Amino acid sequence: MKMRSGFVSIIGRPNAGKSTLLNALIGEKVAIVTAKPQTTRTRIRGMVDVPERKGKHPATQIVFVDTPGIHKPASQLDRAMMQEIHEALMTRDLVLLLVDAVRKQPRAEDGGPLKFDRASEEAMAFEMIRQLDCPVFLVITKIDLVPKEALLPLIEGLSALHSFAEVVPVSAKKGDGLRVLLHKIAEYLPEGKRWFPKEQFTDQPERFLVAELIRERILMETGEEVPYASAVIVERFEEPAPPTKKPRPGTVLPLTRISAAIYCERAGQKAILIGKGGSKLKEIGTNARHEIEALLGTRVYLELRVLVRENWRDSRVFIESLDWRKQLEELAEREGE
Ligand SMILES: Nc1nc2c(ncn2[C@@H]2O[C@H](COP(=O)(O)OP(=O)(O)O)[C@@H](O)[C@H]2O)c(=O)[nH]1
Ligand SMILES: [Mg+2]
């Protein structure tokens, strides 16, 4: 039997649990996750191989695409994030609409069907899937947080609003329902060759995962406007030369040298990011370094600096320069010189 492959976009409101689901499905940390909305700013791909299931589907490579949360744009950055969602919806074979089981759903007065406020993120999401001509799954996530009895009314209420190809309840945290979801997806994907080599689990190069890990620490360790006004660009990423001899046990791991710039919008935010006597920046750097060392499997020397770029969230040019695909093109050009 021929193999199957396809692109599956994961969409939903901010904080629904999209990135957590992606990581759980891949079994690797591909996308950063925090309790703050709008953690994800770009499309991130993660690949999974699903083994054949006799009588149902052949071996299948699924390319998942994680997206920023659907929300009403207020800045150029928001608009760029919404554009990422639209692009993820243009090139896909299947879409997962993720709904978080703990999010309160508005009931009509008479206990009838769900009625979303027209300006709500949910209404926006349902409007987006109405335009699609591919199968859409309703995935109810975070089911570990609600009693079982709460699920059925939620599923019924949401299913009345759209004709979903499948409804799959999952808990990305506990791993419940993930295998079912993978096999269900494989049943719907077209015949095709693999898009990425078998051992590759994301298309985002390490350099950019590193920038995201630093941003994740900023999201976790600062409050108010700072997380939203921060952006990270890795300026230097020097991998150690590959070892000429097999390393003897007990020898120290090779060293990766990384320099990164943290951009914020105002001097006050810079002061917060640096902290008293540099303490905050040190904390961000140390914690990020541990994560990066785990990712790369080397020791890491991490140098951070904080720069102010006024109102960058409304600068198209700057937002474009943050796009890792753009950065990658520029790096390749510079190398070709
Ligand atoms: N209990 C529980 N929490 C979850 C689950 N999935 C995500 N979360 C939490 O929900 C928050 C938002 O997750 P994230 O994946 O960043 O959401 P995204 O904005 O849709 O990508 C984080 O605090 C996660 O730890 C789940 O299955 N169970
Ligand atoms: Mg996310």
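**View 1. Strands E7 and E8 pair in the antiparallel sense.** Seven bridges join E7 to strand E8 (residues 255–264); strands pair if DSSP finds at least two bridges between them. Helices (H or I, at least four residues) and strands (E, at least two) are DSSP runs, numbered from the N terminus. Within this pair, Phe237 stands opposite Ile258 in E8. Helix H6 (residues 206–221) packs on the sheet, where it touches E7 and E8, and its direction makes about 135 degrees with that of E7. Contact here requires that the C-beta atoms of two residues, placed from the backbone, lie within 7 Å. Axes are lines fitted to C-alpha atoms, for helices over the stretch in contact, and angles run from 0 to 180 degrees between N-to-C directions. Helix H7 (residues 267–274) also packs on the sheet; it touches E8 and E9, with its direction at about 155 degrees to that of E9.

The model is predicted: local features need pLDDT of at least 70 and side-chain atom pairs count only at pLDDT 80 or more, while totals for chains, interfaces and linings use all residues. Residues are numbered from 1 along each chain as its sequence is written, and chains are lettered from A and ligands numbered from 1 in the order in which they are written.

**View 2. Three strands form an open sheet in the order E7-E8-E9.** The pairing in this sheet is mixed. Strand E7 (231–238) and strand E9 (299–308) each have a single partner strand, so one side of each lacks a neighbour in the sheet. From one strand to the next, the twist averages 20 degrees.

**View 3. Helix H6 crosses helix H8 (residues 279–296) at roughly 145 degrees.** By class, the contact of H6 with H8 has ten nonpolar, one polar and five charged residues. Ala, Val, Leu, Ile, Met, Phe, Trp, Tyr, Cys and Pro count as nonpolar, Asp, Glu, Lys and Arg as charged, and the others, Gly among them, as polar.

**View 4. An open sheet of six strands has the order E2-E3-E1-E4-E5-E6.** Its pairing is mixed. Strand E2 (44–50) and strand E6 (166–169) are the edge strands, each pairing on one side only. The twist averages 25 degrees from one strand to the next. Strand E4 (residues 94–100) runs parallel to strand E5 (residues 136–141), with six bridges between them, and Leu98 stands opposite Val139 in E5.

**View 5. Ligand 1 is surrounded by 21 residues.** A residue belongs to this shell if its C-beta atom, placed from the backbone, lies within 6 Å of the ligand. The closest are Gly17, Lys18, Ser19, Thr20 and Lys173. Helix H1 (residues 18–26) gives the most to the shell, with three residues. The shell divides into six nonpolar, eleven polar and four charged residues.
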